[in-house]
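Work through the exercises below with the sequence and the model side by side, and try each task before reading its solution.

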Amino acid sequence: MAPTRVTQPADDGRGDHFRVRIEGFGVGTWDLDLKTHELEWSDMARRLFGLERDQTVSYDLFLSLLEPGDRDLFLKAIGRALEGGGGLDLSFRLGVASGTGQWIRARAGVIRDDSGTPRHLSGIFLDINEEKQLEDALRSQENHLRSILETVPDAMIVIDSRGIMQLFSSAAERLFGYSKQEAIGRNVSILMPEPDQSRHDSYLVRYLRTNDPHIIGIGRIVTGKRRDGTTFPMHLSVGQTQRAGEPYFTGFVRDLTEHQQTQARLQELQSELVHVSRLTAMGEMASALAHELNQPLAAISNYMKGSRRLLAGSSDPNTPKVENALDRAAEQALRAGQIIRRLRDFVSRGESEKRVESLSKLIEEAGALGLAGAREQNVQLRFSLNPDADLVLADRVQVQQVLVNLFRNALEAMAQSPRRELVVANARVADDMIEVEVSDTGSGFRDDVLPNLFQTFFTTKDTGMGVGLSISRSIIEAHGGRMWAESNAAGGATFRFTLPATDES
């Protein structure tokens, strides 16, 4: 298309007056001769396109100022206006050649001659740069919000006052098994098992009638139903909003399946630890009793033998019967001692089931049991665990029993302390051993306590049995390690024990 000459608008009185008035509002006028392609621009139109007032302008120059993709759109819009007889309304962006890069809106109508043939396309140019920037900002915010909603782990569902789903997040798709297209437009009751599925609409109607806020803003545990019909426990929180005077409800759903499995596992682990703890305590008590009873049984046997010798010279006719009874009593005392020794040997030689375990995992699970209530007591927990000293050869349950005992002792020791801090750390030490440290800021030890701390039945508690630390040391020693205690710089107690390290996974 050859360049065409631009002519200035004719001075026609009222037309010029009107044009001056609208240009005062930042509106540029233009007129395109559809036959000659002569283009008339007002001064404001020139300024909008970044052109000087005396600059020679052509229709081709006008098209060259547009972004390449918008040129085709403009030409097609003109074609549609001419074919359909309607107007032209198009927004486009000025390209690099214009030097502005701003957005312009062109509106125009087709002017026809007496025969109905299109002769001119006459209209206005509007600066819509601010509107486009606002649109871009809103679009950016919308995309940002959408990206947040797409990454939120909790499922989000929005319903209207009739229970029809209006929004179904990606997390909801993963959780319930429905796609957005399948869910939106359907009643939210499809996500519920009976009887809630049949009753949900009546619940919603009753709420809208009474405005009883017993479900709004209050999280509760309910049952959800997936697309395949399976059910699962979930935590549901509901919020209410208004849009155009209509109520909408937003539900936030969290799958509790894994949480409940974890809770069940913790309860199982706790029961297992309690059971093993009782068995170990019984073993320790049996071992201690065996040690204590062996001496009086031996003394009984010796007294029986001595009494037998004293009766050797007696002339009493019952002497043979008494001697026989003493011999049998001595035999039974020796037999009782042998039984108790065998029991002690059985307890002391009990082998534990040792495997390669992650020390950090053992500490984490033991902490879930032994440190329950620590936050309510304002205890600061600090786990300084070295991943390079993590794998140990241990019986998981027994080592966790030791840790739980140490954690509970620490919480009790810090109950009245102004500063309450519990530190658990690990480090690799010599001889391929890993050392575990449990330190508190409690009352520490008196000088006369440390030598007897690990003795059976020795305790500093009013209600303690004095077997916990004794059992713990026996467990550690059965693993090939050792256990000891000391006072720390904070005035509290520090317990340390070692376990054999392993690099096998």
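**Exercise 1: the chain as a whole**

Task: find what share of contacts in the protein, among residues at least 6 apart in sequence, join residues at least 24 apart.

Solution: Contact means heavy atoms within 4.5 Å, and among contacts between residues at least 6 apart in sequence, 57% join residues at least 24 apart. This is a predicted model, in which local features need pLDDT of at least 70 and side-chain atom pairs count only at pLDDT 80 or more, while totals for chains, interfaces and linings use all residues. Residues are numbered from 1 along each chain as its sequence is written, and side-chain values use heavy atoms, with hydrogens and water left out.

**Exercise 2: a residue in a strand**

Task: decide whether Ser-439 is buried or exposed, and list its contacts.

Solution: Begin by locating Ser-439 in strand 15 (residues 433-439), strands being DSSP runs of E with at least two residues, numbered from the N terminus. Next, Ser-439 counts as buried because its relative accessibility is 8%, and buried means under 20% relative accessible area with a 1.4 Å probe, protein chains only. Finally, leaving aside neighbours within four places in sequence, Ser-439 is in contact with Glu-421, Leu-422, Val-423, Asn-488, Ala-493 and Thr-494.

**Exercise 3: two helices**

Task: state which residues of helix 12 and helix 13 meet.

Solution: In helix 12 (residues 396-413) and helix 13 (residues 468-478), helices being DSSP runs of H or I with at least four residues, Gln-398, Gln-401, Val-402, Asn-405, Leu-406 and Asn-409 meet Gly-468, Leu-469, Ile-471, Ser-472, Ile-475 and Ile-476.

Methods. Axes fitted to C-alpha atoms, helices over the stretch in contact; angles between N-to-C directions. Buried < 20%, exposed > 50% of the residue type's maximum accessible area, 1.4 Å probe, protein only.
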